[in-house]
Amino acid sequence: MAERILTRNFHLPESHTLRVYRETGGYEGLSDVLAMAPATIIETVKRSNLRGLGGAGFPTGVKWGFIPKGHQGPVYLVINADEGEPGTFKDRYLLEKDPHGLIEGMIVSAHAIGSRLAFVYVRGEYVQPWRIFSRAVQEAYDAGFLGKSILGSGVDLDVVVHRGAGAYICGEETGLISSLEGKKGWPKLKPPFPAVRGAFGAPTIVNNVETICHVPHIVQRGASWFAALGTAGQGGTRMYSVSGRVARPGVYELPVSVTLRSLISEHAGGIANGRRLKAVVPGGSSAPILTADEIDVTMDVDGLKNAGTMAGSAGVIVMDESVSIPEALMIVARFYAHESCGQCTPCRESTGWIYKMTRRIVEGRGRKEELDTILDVARRGAGTTICAFYDGAVGPYISYIEKFRDEFEALIPK
Amino acid sequence: MPKLTIDGREVEVPAGTNLIEAARRLGIEVPYYCYHPGLSIAGQCRLCMVDVGNSPRPQIACNTLAADGMVVRTETPKVLETRQSVMEFHLINHPLDCPVCDQAGECWLQIYYMKHGLYEPRMVDEKVHKPKAVPLGPHVILDAERCILCSRCVRFCDEITGTGELGIFQRGDHSEIGLFPGKELANPYSANVVDICPVGALTDRDFRFAVRVWYLETAKSVCPGCSRGCNIEVHYNLRRPHHNQGHRVARLKPRENPEVNQWWICDAGRYGGKFVDDASRLLFPTRGRENAAREVGWDEMVPLVAARLRDYRPDEIGVLASPRMANEDLFVLKRLVEHLGIANVDFRVPPGRPGDEDRILIKADKNPNTRGAELIGLAPRAGGLDARGMLRAARERRLKGLWVFHHDLLASAWPGSEIREALRALDWFIFQGSNANGISPDADVLLPSATWVEREGTFTNFEGRVQRFWKAVEPPGASLSDWEILARIGDALGLGAVPGRAEDSFKSLAAGVPAFAGLSYRELGDFGKEAATA
Ligand SMILES: Cc1cc2nc3c(=O)[nH]c(=O)nc-3n(C[C@H](O)[C@H](O)[C@H](O)COP(=O)(O)O)c2cc1C
Ligand code: SF4
Ligand code: SF4
């Protein structure tokens with residue numbers, strides 16, 4: 001069994017408390033890290049090959065480097081705990097089982113980017129995680145890990161915990177920023193990118209919960225240690241949320257070099273009820289689907305990209321032979337039609353239209369030409385929108401139909 | 001200044017120019033819905049996509065700034081395909097109710113479908129339904145099904161008026177424009193959202209169903225509603241005279257002038273032109289009051305007025321000019337009173353209620369040409385009485401004859417009893433104006449004036465900008481422009497030649513009034529020029 005980093009304490013009953021966190025070595029190296037030069041920390045994170053674990057897989061250290069040099073005025077760190085991607089449920093475990101790990105990660109990351117105020121945007125439905133995390137923030141303030149001059153280092157950090165109101169789009173980083181600013185959660189035009197002009201007009205770094213939880217380990221144990229855990233393009237482990245027709249669904253922390261086959265058949269106990277694997281969505285609902293023959297791929301960003309799909313949020317949705325792919329697409333299409341923020345035309349209009357077409361097909365009222373219409377509409381709209389939501393919807397639209405066309409055609413009256 | 005290439009042609013534009021505006025300079029039209037030069041960039045409609053350099057995907061032109069050496073292509077197959085798809089997306093849930101839609105004929109869905117759409121429809125499912133015919137306020141009504149969610153109206157209320165009445169509610173294809181709870185779209189500029197709405201979602205409650213837009217003709221003009229002098233277009237209908245209850249002027253629309261009103265006008269100005277086709281218009285020269293009133297021709301009327309002006313001593317006569325008159329009118333009047341030696345001349349009458357004013361466009365002075373009257377010099381001449389002094393002198397029988405232009409003195413800040421008493425004490429009272437008002441029934445001579453849309457001329461706004469307005473429709477009945485009436489009377493009194501055309505009239509004004517020196521009628525152009533007001 002490979003070493004677990006983020007989930008190492010999950011088995012301890014009181015792992016969410018400051019007491020247990022400190023007993024297991026938490027906050028121990030913090031004083032030394034706060035004495036380090038911010039540029040050194042950024043450099044270490046760059047060399048570690050840590051890639052964003054929220055969905056886009058962008059190199060974290062590189063993103064931090066986009067904050068304008070010599071910027072005067074506030075810089076914000078925003079933690080994306082919206083966890084809305086269907087099939088993804090890892091951040092909630094981090095918030096519930098290791099909230100101080102996230103807080104320590106925020107302290108180190110905020111120090112690196114020069115932020116003295118950090119926000120944590122928690123998915124609205126995550127009531128329990130929010131409670132636990134908020135309590136941990138209070139504990140950290142009381143113990144002097146947050147607030148003015150943390151541990152006498154001269155480094156300040158305040159943390160604001162903000163709850164979302166139940167929209168998938170508020171997980172997209174600029175939609176999140178709009179929502180945080182008190183506006184409707186509409187994604188913003190880029191440029192400007194948040195690192196230049198983000199929340200409240202200030203340079204802002206948005207990172208996923210899991211990404212930030214890795215940071216203290218990287219800084220304390222070194223970039224090469226972390227890089228060596230993974231592949232050439234991505235360092236470390238990550239938490240795979242495995243759901244669907246497996247024997248042991250759950251969260252598995254594994255090196256990103258693990259293969260999809262091993263994740264399903266070894267770690268998650270194989271397909272349940274002795275059925276056969278049909279298809280897997282490897283990175284949350286927006287990732288293009290893989291067939292049962294396509295699972296000999298490593299689960300890092302590049303490995304899945306080369307396989308024509310994406311690592312996304314590492315939400316692995318497993319479908320066995322009893323699953324109807326057209327029905328699965330209809331459900332996914334309903335989700336995207338429901339969650340499109342409605343701001344830009346191709347996404348607003350075509351997500352609804354494609355859902356209506358898939359529904360008719362499933363109900364046996366599809367038209368012969370309609371599979372091609374869906375493909376054409378999806379291809380034409382791809383890459384024309386404000387945010388990546390629509391490209392995320394296009395992933396399943398196209399891949400489900402291309403890879404399982406027979407199943408769709410069988411439902412369409414001759 | 002960045003120099004870039006668009007469709008193979010080079011253009012140099014000021015830094016900060018976006019690609020829509022840069023292309024426009026070359027006469028290349030990049031289609032768009034949500035972009036508006038007066039509002040922030042929303043980037044929502046996705047229609048303005050163009051190819052930029054080697055970028056693998058088209059970029060939105062509205063949010064891309066021109067950069068030195070940039071190579072832009074607006075007609076590549078990918079761009080054309082994207083435009084076509086965006087048109088299809090805009091229309092799949094649209095009700096396609098053009099035959100009953102007031103926007104038809106000036107709708108950007110129609111225009112762009114013909115230019116950039118022309119696809120075979122493939123959407124067969126039930127469309128999304130939304131509220132229809134929802135009044136948003138006194139002037140604007142919404143059909144949410146026709147709305148393409150460009151958010152221009154929302155941005156207008158957020159950014160221009162700062163009143164924030166409108167929002168987009170719900171998500172996805174259920175998104176809809178609406179009012180925030182408890183709000184009404186009743187700000188003083190509310191109807192501008194109708195102008196900027198590219199489709200038939202927001203229509204004008206006053207104009208809708210009045211005339212089909214393809215029967216309308218337009219004339220450039222200036223709003224006479226206050227001293228700002230917002231540039232407008234007069235939209236009038238002569239081809240279907242039975243439409244719109246016979247009213248010729250169908251609507252007033254803002255006309256862009258970056259120096260004066262940008263793209264906007266206020267609602268008071270927009271709906272302030274109703275007097276043109278109103279039943280209260282004075283149509284024929286008339287002598288005598290009430291039952292004795294008799295319509296006469298100008299050939300009878302002009303000598304009558306001339307005789308009155310000749311037969312009384314100048315100090316027995318008062319002339320109350322109006323800041324609603326054009327510069328040309330005021331100049332002839334000034335020459336006439338000087339010729340006759342009349343010193344009791346004024347143009348100022350305080351309004352009964354002080355006018356409202358704001359920091360956007362609206363000015364408290366509800367007259368279009370106060371500055372012109374000041375510059376031309378219609379104030380009391382040496383030893384002469386001002387307006388109120390004239391009324392007092394009339395009551396005291398020192399003043400025997402009064403010639404009032406346009407003013408309704410009963411709507412002034414002065415006591416009505418004083419005014420009535422003064423008017424009744426006069427030997428004669430000439431009222432010249434376009435419409436009957438509170439005091440016109442007291443006049444024993446009525447001289448019917450053309451309104452500003454029935455003639456041409458210039459107004460000088462509060463900043464001293466001299467702006468032209470053009471003729472849209474003919475003066476009704478025997479009415480004439482104030483300047484022509486004055487010229488005829490002046491002629492009868494030996495004033496000498498009065499120019500026969502507005503342009504000549506302006507030329508003599510420019511020659512005769514220092515502030516206007518050097519201005520030429522033609523060079524005023526569409527946007528006007530500053531008089532030397534210093
Ligand atoms: C539609 C959409 C939804 C997203 N939802 C989430 C989310 O719930 N959590 C998250 O961390 N990132 C989400 N992302 C990715 C974020 O935009 C952003 O890339 C990420 O938070 C950056 O953090 P990272 O670099 O640490 O991954 C979403 C992206 C899109 C397009
Ligand atoms: S792509 Fe979809 S979710 Fe993203 S901004 Fe456009 S409408 Fe909103
Ligand atoms: S009502 Fe008109 S201006 Fe407002 S969003 Fe809809 S289409 Fe745009």
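View 1. Strand S4(A) supplies the largest share of the shell around ligand 1, 3 residues, where helices (H or I, at least four residues) and strands (E, at least two) are DSSP runs numbered from the N terminus. In total, 25 residues surround the ligand, and Gly52(A), Gly54(A), Gly171(A), Asn208(A) and Thr211(A) are the closest; a residue is near a molecule if its C-beta atom, placed from the backbone, lies within 6 Å of it. The elements giving two or more residues to this shell are strand S4 (204-208) and helix H16 (389-403) of chain A. Residues are numbered from 1 along each chain as its sequence is written, with chains lettered from A and ligands numbered from 1 in the order in which they are written. As the model is predicted, local features need pLDDT of at least 70 and side-chain atom pairs count only at pLDDT 80 or more, whereas totals for chains, interfaces and linings use all residues.

**View 2. Where chain A meets chain B.** Here 24 residues of chain A are in contact with 25 residues of chain B, contact requiring C-beta atoms, placed from the backbone, that lie within 7 Å. On the chain A side, H14(A) contributes the largest share, 9 residues.

**View 3. The buried residues of helix H10 (residues 387-395) of chain B.** Ala387(B), Met390(B), Leu391(B), Ala393(B) and Ala394(B) are buried (20 or more other C-beta atoms within 10 Å of their own, all placed from the backbone). Seen down the axis of H10(B), these residues fall within an arc of 160°, taken from the directions from the helix axis to the C-beta atoms, so they line one face of the helix. Just after H10(B), Arg397(B) takes a positive phi of about 60°.

Methods. Two residues are in contact if their C-beta atoms, placed from the backbone, lie within 7 Å. A residue is buried if 20 or more other C-beta atoms lie within 10 Å of its own, exposed if 12 or fewer, and partly exposed in between; C-beta atoms are placed from the backbone.
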